[in-house]
Amino acid sequence: GGGGLALGGAGVGLGLVPGLGTTAAGGFGGVDVFSLQAQMAQQAVAVTALSVLPPVAIAAFEPLLQKGQIMATDIDKRCIDGLLSLPEHLMIEAIQDFACRDLNTIRNKSAYFMGCINKRKEAVAASLPSVSSGVGLSLAHLPPSSGEAANSPRVRQKLEELMTHGLLPREALDFRAWSEFSKLGEGEALGALEEFATSDMSRIRNKAAYFMGICKRHTSQR
């Protein structure tokens, strides 16, 4: 998958299942086989979930997984979503921050890792321009793109308008969503923004993923 994760999908080693060492791998050491199978299945699902991350992020996790310092299940969906909301260099920084700790002493690794991620999210938020009454939100924090939507004055004006009025929350336009959105043509981009702005946000948990889905649908309708 993604970055050539050595553990590849269902090929999760027995050494990565909690409480199982080489003795268990040799003769299962009295371990309940059904319990073992269930744990291995959980690990396989978790490893597959990691494949949505960029190859550099997967590569950063590999040594931790191979040495048994963490289990794939320690990196839960919340952690993955948190990582994906960061630009790539901060994603790697969060993983490295997590990796340099003595992970054997940390009981809830998922929660601790979320702390590393949240520190970077706060740094990103602090670097964004603030919104003052009557002043449009600057889009300067978004990375440059050669896409038509990203460079259309009409689209950028619509973005400013929706963000200023709270109809397009800042978290909906994370770096992945922006990358997908900027590929759209001007008309497609305006249509995607209108569709998002008129949606019932109270029913949508992950706004960035929802907005990205709208952008992909508009792309596929070409």
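Q: Let's start with the overall make-up. How many helices and strands does the protein chain have?
A: Count the elements before anything else. This is a predicted model, and its protein chain has 11 helices and 0 strands. Going along the sequence, the pattern is α-α-α-α-α-α-α-α-α-α-α.

Q: Now a helix pair. How do I read the angle between α3 and α5?
A: Take the angle between the axes, then see which class it belongs to. The axes of α3 and α5 cross at roughly 5° and come within 9 Å. Angles under 35 degrees count as roughly parallel, so α3 and α5 are roughly parallel to each other.

Q: Which residues meet there?
A: On the α3 side you'll find Val56, Ala57, Ala60, Phe61 and Leu64, and they meet Glu88, Met91, Ile92, Ile95, Phe98 and Ala99 of α5. Sorted by class, this contact of α3 with α5 has 10 nonpolar residues, no polar ones and 1 charged.

Q: What does the contact of α10 with α11 consist of?
A: Go residue by residue, then by class. Glu188, Gly191, Ala192, Leu193, Glu195 and Phe196 of α10 meet Lys207, Tyr210, Phe211, Ile214, Arg217 and His218 of α11. That gives 6 nonpolar, 2 polar and 4 charged residues for the contact of α10 with α11.

Q: Moving on to cores: which residues touch the most other members of the largest nonpolar core?
A: Look for the members with the most partners inside the core. The largest nonpolar core has 28 residues, and the ones touching the most other members are Leu53, Phe61, Ile75, Leu83 and Phe113. Two or more residues each come from α3 (55-66), α4 (77-84), α5 (88-99) and α6 (109-127). Of the elements, α5 gives the most, with 6 residues.

Q: What does Leu83 touch?
A: Leave out residues up to four places away in sequence, and Leu83 touches Leu53, Phe61, Met91, Ala94, Ile95, Phe113 and Ile117. Apart from this core lies another one, of 23 residues, including Ala149, Ala150, Ala192 and Phe211.

Q: Is Ser110 buried or exposed?
A: Go by relative accessibility: buried means under 20%. Ser110, in helix α6, is at 11%, so Ser110 counts as buried. Setting aside neighbours within four places in sequence, its contacts are Thr73, Asp74, Ile75, Asp76 and Cys79.

Q: And a loop residue: where is Ala172, and what does Ala172 touch?
A: Ala172 sits in the loop between α8 (153-164) and α9 (175-181). Its relative accessibility is 0%, so Ala172 counts as buried. Not counting residues up to four places away in sequence, Ala172 touches Ala177, Phe196, Lys207, Ala208 and Phe211. Met212 is 40 residues from Ala172 along the chain, with 8.5 Å between their C-alpha atoms.

Notes: Residues are numbered from 1 along each chain as its sequence is written. This is a predicted model: local features need pLDDT of at least 70, side-chain atom pairs count only at pLDDT 80 or more; totals for chains, interfaces and linings use all residues. Side-chain values use heavy atoms; hydrogens and water are left out. Contact means heavy atoms within 4.5 Å. Helices (H or I, at least four residues) and strands (E, at least two) are DSSP runs, numbered from the N terminus. Ala, Val, Leu, Ile, Met, Phe, Trp, Tyr, Cys and Pro count as nonpolar, Asp, Glu, Lys and Arg as charged, and the others, Gly among them, as polar. A nonpolar core is a set of buried Ala, Val, Leu, Ile, Met, Phe, Trp, Tyr and Cys residues joined through side-chain atoms within 4.5 Å. Buried means under 20% relative accessible area, exposed over 50%, partly exposed in between (1.4 Å probe, protein chains only). Axes are lines fitted to C-alpha atoms, for helices over the stretch in contact, and angles run from 0 to 180 degrees between N-to-C directions. Angles under 35 degrees count as roughly parallel, over 145 as roughly antiparallel, 65 to 115 as roughly perpendicular and the rest as oblique.
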